[in-house]
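Hi everyone, thanks for coming. Have a look at the model on the screen, and I'll walk you through a few parts of it.

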Amino acid sequence: MRALLAATLLACASLGALAPPAAAQTGEDIFPFETHRFELDNGLRVYLIHAGSPGMLAYASIVRTGARDEVEQGVTGFAHFFEHMMFRGTAKYPNFDGITESFGGNRNANTSQDRTFYYIVAGSEYLEKIVDLESDRFQNLAYSEPDFRTEAGAILGEYQQGAYSSFSMLDRTVRETIFNTHTYRHQVIGFEADVRAMPEQYQYSLDFFKRFYRPENVVVVVVGDFDFAQAEALIRQYYAGWAPGYQAPAVPAEPEQTAPRTASVEYRGRTLPMLTLNWMAPGWNATDRVGVALEILGDIAFGPNSDVYRKLVIDEQRLQALQAGFGLSRDPDFIQVMAMVSDPADVPAIEAELLAEVERFKEELVDEKTLADTKSAMRYGFLMRLETHLNVANAVARAIINTGELEPTNDYYRTLASLTVEDVREAARQILTEGRRTIVTLTQAGG
Amino acid sequence: MTEHRRKGGARVALLSAFAIGGLLSGCVDAGQEGTIAMAEEGSPFVAFNIWVKVGSQNDPQGKEGLATLTANLLGDGSTQQDSYQQILEKLYPMATGYGAQVDKEMTVFRGTVHVDNLEAFYGLFKNALLSPAFSEADFERVKSQTLNYLERGRRYNRDEDLGKQLLYWMAYEGTPYQHPEEGYVQSVQSITLDDVRAFYEKFYVRNNIVVGVGGGLPAGFAERVRADIDTRPEGVVEEVPPPAVVKPDRVRVLIVEKETDASAISLGFPTELVRGGPDFYAMKLANAWFGDHRNSFSNLYQVIRERRGMNYGDYSYIEPYPNGSATQDRPVNFSRRSNLFEIWIRPISLTQPGNLHQRTLFATRAAWRELDRLVANGLPQDQLERTRRYLHDFSLNYGSTVSRRLSYAVDDAFYGLGPGAGYLASIRPALAALDKATVDAAIKKHFGYSGMYVVFITSDAEALKQLLLSGEATPITYAGEQPAEIQQEDLEIAAYPIEVAAEDIRIMDISQVFESR
């Protein structure tokens, strides 16, 4: 059941992660925890949050830099690579891993298009040690060129883990068909040629650190059981010397798409055909009614509870899977409907049916119960994710990545609570247009 | 600039009310026979874990995959009360669901719900377990999705996960543990809806089901769930004997041929280690030092990735860790009466045309050599202390949610570990009691070996076979300069002997993997 279970989890996650949560109907803040915000003179923003189990905390450092910021030629994948280098130590603490090990810290990091997220989960008694350690590496990271070259090999290994999957190949094709200038053209892991050339980029890595790892571009979120005053004092003390100097990258805007595009790609392993319908969508904005309505439209129109899912997946079984990914990014990005088709000969008919369904949502209003159920799903989806320290930090990360602040988390759910069925139709009309559309199909080579 | 907002009172805002010790034990009330109630007062969540004592070991010959298909049909199908679509509709506003996980010996149905929605959720969950519709349409859908995974996804999407499954297949040959839980392509093709019905009637009987519930439980709730489960008839379930632990007497290799630029590598052998059994905690410590999952300070990781940059990571296991590429949360509800010691070397890529096999064997030799060194030398006292301290603190992460704490309690029940003697509760005191002599003796006993099972998934399998048989050294080169001590060590690793006979190397094409028994 492993793969199937994973698929189920994805489907569940789409309730919350792709089409994020719903506001309390009352207009109250959805984020329920006691929160303290402060900002240092150098621009570092900090949120302290009381939540989770007694005696523990999660310490998250959110850098508002990801693959999106890789604007120069030949350095795709660098934000992720740099994430790895952040574990290579400093003059004061050359062995970062050894120290986190010594207090049983559960620590790691991950990189996406729009941000790099570092965390340590540990006992609250280690708060000062963690503040010391994190503030030190964000200011004083130091690694040698041989270490840098060695780490590049690990990235190549990471690239190879998923490079041969049909999903990864399809995603690469979609990106390269939709984007010509914007950096969302490449996957977070980077183009293979760039990954292979990484060992030669030592100097660039030093520049990358100086440009992006600056206090104005970082938000620290501490979640758990600890004293706010003590934590604030420690953070003010340890991060005070961090010099500002963030240089925002000139991310090239993608020219507006005005005509539909199509592409197809052949996969050399075995796969069923995969059909994707994609549309260019606006950047994330907590108070944009069209954007928020669009995010829930994905679930309403193509999620497991939708009419077309019932018809094509459950009743007729012409699709093995149908998923909608309508989550928005910091910059305009594509949203996607993906269908895995049982019979290769059926692909054109499936495409026609999915497109007809899109047209229907532009004409008809969804029923009030569906909208209410969706708002409920978003709200409970959000609340149910707040069980662990780290998940609380993750729950507010989206607003922080896109805006630098936590408060839009609450704004988002207020917008959601106020949406009407007309808003949902309007989102379909404005965004699911032919001019914004790109259809990409992956099929098995040789039939 | 600061702002300070204080809020309170929201029902959703409750912190888990139990003390830190709760993270390491839960608050289990063994109470009624066949019921595990883990009440956490004030928790806004209720977690379910219904354990059916059946697994892939119970699959009839030729019907491998039946336990999984049965459980998936229950978890993902209609009931006598609601169509599958109606179930999805009703679950949707609660933002939750339920699902099955099937392992060799156990099947669990899990779900977590916000207390606001407990009654509505439980009604659906109960029906799924007690009054499944067994509709032909649901069966065809679930079976077709399973076959798509077996024929395509399992073979072509992640070689490293496939390699791990193949290691179990080799190591448990001829036992009920041999086949993957999802079955073979041909065995699943042969499964009928009648097979599923019969399997359900035989194994989903009340005396074979343990009820686990946890979190913000209303009064009497656990008893109510138990009473509902007790509406199932009683039945006779014969116990499957545990697989005999047979360590291989020589090295046996499987090479899967596939078009790729990277090799997946898994190796290992059966052990006598089970949770709660002799030496378990000593070996948990030894293994954490050697290859703790996704922890960069462990020895294998340091040698292969950190110092040499050969791949993304290198780990070892004394208990199953399926889906390891996808999760850092320790797996729960994979309790077994037999386990493998398993080394997982993540994909090794070629760095120049033609050097894939050199690098593949170098990484394999490096891991092998480290294992031999550990068995020969034991664990130095300072390393033992270091790892003990790490596990003492890190184990707080294991039970991070109600659902996970409950799942650990279910696993405790599987192993017969009573209240206070459960896994989470035992880790700290058991670690504290260990000394070097005990750990070293356990390492010799459990990691000592006379043979090994090895799986490679790579391109040009025949060439790898010949290189392995030749016994030639397989040196590697680096993108950067390496210190003299690493260069010296590399000479030893590159020539480290792997003695294997030609007849013990089997080659298989990817298209044939898990096709049939």
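Predicted model: local features only at pLDDT ≥ 70, side-chain atom pairs only at ≥ 80, totals over all residues.

In strand 10 of chain B, residues 314-317, D314(B) and S316(B) point one way while Y315(B) and Y317(B) point the other way, and all are buried. Buried here means 20 or more other C-beta atoms, placed from the backbone, within 10 Å of a residue's own. Strands are DSSP runs of E with at least two residues, helices are runs of H or I with at least four, and both are numbered from the N terminus.

Residues are numbered from 1 along each chain as its sequence is written, and chains are lettered from A and ligands numbered from 1 in the order in which they are written.

Back to our strand: strand 10 of chain B pairs with strand 11 of chain B in the antiparallel sense, over four bridges; pairing takes at least two DSSP bridges.

Now, how many residues does each chain give to the contact? Chain B gives 85 and chain A gives 73, with contact meaning C-beta atoms, placed from the backbone, within 7 Å. Helix 5 of chain B supplies the largest share of chain B's side, 13 residues.

Finally, chain A: it has 16 helices and eleven strands. Its C-alpha trace spans about 65 × 55 × 45 Å along the principal axes, and 55% of its 447 residues are buried.

Technical notes
Contact = placed C-beta atoms within 7 Å. Buried ≥ 20, exposed ≤ 12 C-beta atoms within 10 Å, placed from the backbone.
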